Amino acid sequence: DSSIGQSVGKAHEPLFWVGACTVACVLLWLLYRLLSGFRIWVLGNGSLLTPRLGKWAVVTGATDGIGKSYAEELARRGFALMLISRSQDKLDDVAKLLEEQYKVETKTIAVDFGKADIYGTIEEGLSGLEIGVLVNNVGVSYPYPEYYLHIPNLDNVSFITNMINVNMTSVCQVRSKGVILNISSASGMYPVPLLTVYSATKAFVDFFSRGLQEEYRRQGIIVQSVLPFFVATKMTRIRKPTLDKPTPDRYVQAEVTTVGLQSQTNGYFPHAVMVTILLQYTHTHTHTAKPVQQLVLLLENQLPLPPPLPSITSTWYCIYTSRTHTATTTSTYNSTSANQMHVAAITVSLPSQRCSSPSCCGVCVYLFVFVCSRAG
Ligand SMILES: NC(=O)c1ccc[n+]([C@@H]2O[C@H](COP(=O)([O-])OP(=O)(O)OC[C@H]3O[C@@H](n4cnc5c(N)ncnc54)[C@H](OP(=O)(O)O)[C@@H]3O)[C@@H](O)[C@H]2O)c1
């Protein structure tokens, strides 16, 4: 008996230390994550973006949405603003607003980023300016989510050429030293069915920015890849901002405090949480969850090709799609209002399911956050 007790004691000791070390490592990792989260999202780095970097800030796509909010935020910080966008009258309005409200100098360049021959004009406009911050923000998405082969004008390549020129070429061609913020998208972090080309161009922006940051880090140049989730802008057609879909002003105010702390950022704490949850499930569970199938059945009458859609991202995108879509093109969809479709999507995907798979849990978490934020 005593020899058995001795050997159990010996075996017990190393196991105890393996367990203790594991717990200590996990606790240290959690502490590190908590401290870095606190540094980024609570303390922030709000004082980095000042005209000491260079007198001028350049913002592309500066007449609306996120770009306009960047222009305002940078003007508030004392930068002179070079605004580059498509329509001269809109540029004039924004320039006037910034000059009157923030008493800063402004210049404008009106170009269509869908065209490839505009970079001589931009280079000429930027020559001689001491540029401290460049925000490569201009971007286009689909007018509505669509299966690849059903995209209008796919054959004469204008859709793809335009998206590549606006979303990718603009980021490579408009260059600067100092701080460069390249606006990618959370949809560049994983494939997003029905927005496949957009998602792929944004993945390019993310990879390009992160690679560039490593190449030029030692020269003191900051290149940040910014990957927002939904922001209430003209592009997303979200009219009512919520906690998870902030106004562009709220988004940009949060994002600028991460510059210099994160080379790849979601820019806004609720977005970072949502992306963490989604990435967890998209990386590990690419099978079609039952809620997705049911939701797709719901949408099948409205979408031209049969499912299955391949991943959890489809679920939230379908929900989102159904909302924005019904809000804008009611004739395409049978639902009479965005909310009606939204509620239908939730009732179809949730009550009949037991939480039998992690993907299902992911859907529940997202819907929970979504519903809470709407209630808020
Ligand atoms: N909103 C979101 O939820 C979200 C999420 C992730 C990433 N993003 C990214 O954030 C960026 C800004 O998005 P947003 O929602 O703020 O967009 P938005 O509200 O549609 O504004 C886009 C801006 O870009 C300009 N623009 C569009 N096409 C142009 C072209 N061909 N040539 C020159 N200017 C052009 C627009 O000018 P006009 O007024 O003349 O059209 C406008 O000033 C994009 O890169 C987008 O992909 C947005």
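Predicted model: local features only at pLDDT ≥ 70, side-chain atom pairs only at ≥ 80, totals over all residues.
Modeller: Two strands are said to pair if DSSP finds at least two bridges between them.

Biologist: Let us take β5. Which strands does β5 pair with, and over how many bridges?

Modeller: On one side, β4 (residues 131-136) and β5 pair in the parallel sense over four bridges. On the other, five bridges join β5 to β6 (residues 222-226), and these two strands also run parallel. Val179 illustrates both pairings: Val179 is the bridge partner of Val133, and in β6 the partner of Val179 is Ile222. From β5 the chain reaches β6 by way of helix α6 (residues 196-216), and this β-α-β crossover is right-handed.

Biologist: Why is β5 described as largely enclosed?

Modeller: The test is a count of neighbours: a residue is buried if 20 or more other C-beta atoms lie within 10 Å of its own. Five of the five residues of β5 (residues 179-183) are buried, so this strand is largely enclosed by the rest of the structure. The burial holds for both directions in which the residues point: Val179, Leu181 and Ile183 point one way, Ile180 and Asn182 point the other way, and all are buried.

Biologist: And for β2, which residues point one way and which the other way?

Modeller: In β2, Ala80, Met82 and Ile84 point one way, whereas Leu81, Leu83 and Ser85 point the other way, and all are buried. Six of the six residues of β2 (residues 80-85) are buried, so β2 is largely enclosed by the rest of the structure.

Biologist: Which residues stand opposite each other where β2 meets the strands it pairs with?

Modeller: With β1 (residues 56-60), β2 pairs in the parallel sense over five bridges, and Val59 stands opposite Leu83. The chain crosses from β1 through α2 to β2 in a right-handed β-α-β crossover. Parallel pairing over five bridges also links β2 and β3, where Met82 stands opposite Lys107. From β2 the chain crosses to β3 through helix α3 (residues 88-102), and this β-α-β crossover is right-handed as well.

Biologist: Which residues have the most contacts inside the largest nonpolar core?

Modeller: That core has 59 residues, and those with the most contacts inside it are Val59, Ala71, Leu74, Phe79, Leu81 and Leu83. Leaving aside residues up to four places away in sequence, Leu81 touches Ala57, Val59, Ala71, Leu74, Ala75, Leu98, Val104 and Thr106. For the protein as a whole, buried residues make up 38% of the 376 residues. Among contacts with a separation of 6 or more, 68% are between residues 24 or more positions apart.

Biologist: How many residues surround the ligand, and which are the closest?

Modeller: The ligand is surrounded by 30 residues, of which Gly61, Gly65, Gly139, Thr233 and Met235 are the closest. The shell divides into 12 nonpolar, 13 polar and five charged residues. Helix α2 (residues 65-76) gives the most to the shell, with three residues.

Biologist: Where is Leu194 found, and what is the value of its phi?

Modeller: Leu194 is found in the loop between β5 and α6. Its phi is near 75°, a positive value in a residue other than glycine. Leu194 is buried, with 21 other C-beta atoms within 10 Å.

Conventions. Residues numbered from 1 in each chain as written. Core = buried A, V, L, I, M, F, W, Y, C linked by C-beta atoms within 7 Å. Buried ≥ 20, exposed ≤ 12 C-beta atoms within 10 Å, placed from the backbone. Contact = placed C-beta atoms within 7 Å. Right-handed = clockwise from strand over helix to strand, strands pointing away. Near = placed C-beta within 6 Å. Nonpolar A, V, L, I, M, F, W, Y, C, P; charged D, E, K, R; others polar.
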